[in-house]
Amino acid sequence: MRMKELSLRQDPDLRKELALLARGCDFVLPSRFKKRLRAFHAEQGQPLMLTQAISVLSVSPQAQVKSEAPVPTALSESIPKFYFPRGRPKANLNIDGLIAKIEKIFSQFPNERATIEDMGKVAKACECPLYWKAPLFNSAGGDRTGFVSVHKFVAMWRKMLQTCHDDVSKFVHLLAKPGCNYLEQEDFIPFLQDVVNSHAGLAFLKEASDFHSRYITTVAQRIFYNVNRSWSGRISCSELRKSSFLQNVALLEQEEDVNQLTEFFSYEHFYVIYCKFWELDTDHDLYIDQRDLARHNDQAISHKMIERIFSGTVTRRLRKDGRLSYADFVWFLISEEDKKTDTSIEYWFRCMDLDGDGVLSMYELEYFYEEQCVKLETMAIEPLPFEDCLCQMLDLVKPEVEGKITLRDLKQCKLSHIFYDTFFNIEKYLDHEQKDPFSVEAETEGQEISDWEKYAAEEYDILVAEETTTDQYNDG
């Protein structure tokens with residue numbers, strides 16, 4: 001092969017025409033070149049591709065020696081694929097076997113059509129958690145017709161198996177609007193409605209349909225509060241993978257008591273949030289104004305902070321008249337009662353960062369502390385001078401840059417709740433003043449239950465006790 005390549009390369013006429021062709025000359029006749037190349041092939045007795053001939057003849061004799069060295073693998077071939085937005089494909093996935101299981105299940109239904117009541121069996125045949133049944137049903141068009149045929153479902157699921165390679169991407173694809181690779185709040189409503197309709201732990205809600213939307217709203221807000229770390233209002237596959245939401249959905253099948261699923265689905269937590277809102281919402285239209293929110297916890301929150309909450313910096317659904325929705329109240333109450341989580345730290349940081357520059361300046365701290373001083377004086381308590389308070393807070397947070405407190409500083413200090421309460425919650429500030437903050441830090445590190453869970457459990461017991469007392473009074 002080496003001798004044939006050299007003899008071809010030494011053909012003077014062919015080399016001349018190739019040189020003209022390489023320089024872009026348009027008067028070289030392709031037919032004449034091909035004719036000469038075919039004649040050469042006949043003489044050699046072995047075909048040679050046109051592209052091979054060009055690559056051999058266009059290389060100079062000096063470069064020919066270098067080309068004999070091993071050619072390194074292309075960069076795109078040497079770097080393995082590492083980004084799988086729809087999950088890493090499974091090497092030995094038997095799609096036909098999975099489809100056969102689904103077809104066998106459908107054969108048990110009349111006319112091979114499944115209703116929403118049948119979808120639990122179908123979900124298990126798909127190797128999905130039980131409470132994926134409504135998303136599976138709706139994705140195959142069941143919400144429009146009231147049933148799903150075996151052919152339509154198999155076509156949908158086969159495509160799903162071929163394009164979505166992990167549970168997260170499948171779940172997002174089932175719930176999301178066509179063409180979207182993210183989930184918005186309304187996308188969760190059919191899924192959550194099915195949980196309300198069919199979970200044994202929520203059976204008592206069947207007769208109280210008015211509470212369905214309230215419970216669904218609460219759970220949806222808690223999902224976004226814990227999962228949507230970007231604050232975009234859109235949950236991506238990446239955010240869902242980093243959360244425990246799908247694990248909690250799987251636990252719905254195993255746990256009969258939804259109150260044990262405290263991160264998202266607890267009815268007791270919903271009851272506490274809704275009752276707290278109901279106390280403030282005097283006209284019960286599911287919206288409250290600044291005066292209503294100021295009454296929360298006996299006016300413990302400063303007016304300046306309430307103004308910041310209503311400014312829109314941490315809300316999405318303010319009405320034109322400036323009132324706060326129940327959905328936004330869910331975020332407020334969880335953030336107020338547990339200031340140690342990333343979301344709550346971000347929530348209050350946004351409120352205190354008046355100019356939005358990502359830094360809490362000494363001016364901003366003093367702005368909020370002034371109202372705290374006034375409240376303390378009305379309680380006949382001598383407030384600490386701002387300079388002394390500032391020194392304490394800087395020692396507490398230990399900012400990386402002197403005199404500038406960032407979000408990163410507050411997340412790292414582990415005492416963000418003390419810092420925030422000092423500037424806008426007078427009741428909790430006084431509670432902290434009676435304790436050693438560093439002993440509080442030691443307690444926090446070994447804490448198994450979150451501040452929010454602790455608060456919700458205590459408040460639920462109080463609400464139940466009050467309700468029991470009222471019932472006894474009315475009966476007696």
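This is a predicted model: local features need pLDDT of at least 70, side-chain atom pairs count only at pLDDT 80 or more; totals for chains, interfaces and linings use all residues.
Colleague: What makes the pair D283 and R323 a salt bridge?

Modeller: Their side chains come to 3.7 Å, N to O. The cut-off is within 4 Å for a side-chain nitrogen of Lys or Arg and a carboxyl oxygen of Asp or Glu, so the pair qualifies. As a general point, side chains of opposite charge can pair when their charged atoms come close.

Colleague: Why can one say that D283 and R323 tie parts of the chain together?

Modeller: D283 sits in the loop between α17 (267-280) and β5 (287-288), while R323 sits in the loop between α19 (303-309) and β6 (324-325), so the bridge joins parts that are 40 residues apart in sequence.

Colleague: And D283 itself, what is it called: buried, partly exposed or exposed?

Modeller: D283 has 47% relative accessibility. Buried is under 20% and exposed is over 50%, so D283 falls in between and counts as partly exposed.

Colleague: How many salt bridges does the rule give, and which residues are linked in a network?

Modeller: The count comes to 24. The network of salt bridges links K177, E184, E186, D187 and R234.

Colleague: Back to α17, then. What makes the span of this helix close to the expected one?

Modeller: α17 has 14 residues, and its first and last C-alpha atoms are 20 Å apart. At 1.5 Å a residue, 20 Å is also what is expected.

Colleague: Why is α17 called mostly covered?

Modeller: Of its 14 residues, 11 are buried. Among them are Y267, F270, Y271, I273 and F277. For the chain as a whole, 45% of the 476 residues count as buried.

Colleague: How do you know that S266 caps the N-terminal end of α17?

Modeller: A side-chain oxygen of S266 lies 3.4 Å from the backbone nitrogen of E268. A polar contact needs N or O atoms within 3.5 Å, so this one passes.

Colleague: Where is confidence lowest and where is it highest?

Modeller: Helix α4 (residues 50-57) has the lowest confidence, with a mean of 45, and helix α21 (residues 342-352) the highest, at 98. Over residues 53-67 the pLDDT is below 50, and the model gives this stretch 17 contacts beyond near neighbours in sequence. The mean pLDDT of the chain is 86, with 80% of its residues at 70 or more.

Colleague: What does the UniProt record place at residues 340-375, and how much helix is there?

Modeller: The unreviewed UniProt entry places the feature "domain: EF-hand" there. In the model, residues 340-375 are 69% helix and 6% strand, with their end C-alpha atoms 25 Å apart.

Terms used: Residues are numbered from 1 along each chain as its sequence is written. Side-chain values use heavy atoms; hydrogens and water are left out. Helices (H or I, at least four residues) and strands (E, at least two) are DSSP runs, numbered from the N terminus. Buried means under 20% relative accessible area, exposed over 50%, partly exposed in between (1.4 Å probe, protein chains only). The expected span of a helix is 1.5 Å times one less than its number of residues. A polar contact is a pair of N or O atoms within 3.5 Å; within protein, one must be able to donate a hydrogen and the other to accept it, and residues adjacent in sequence count only if both atoms are side-chain atoms. pLDDT is the predictor's confidence in each residue, from 0 to 100. Contact means heavy atoms within 4.5 Å. UniProt positions are given in the numbering used here, feature names are shortened, and annotations may be inferred rather than shown by experiment.
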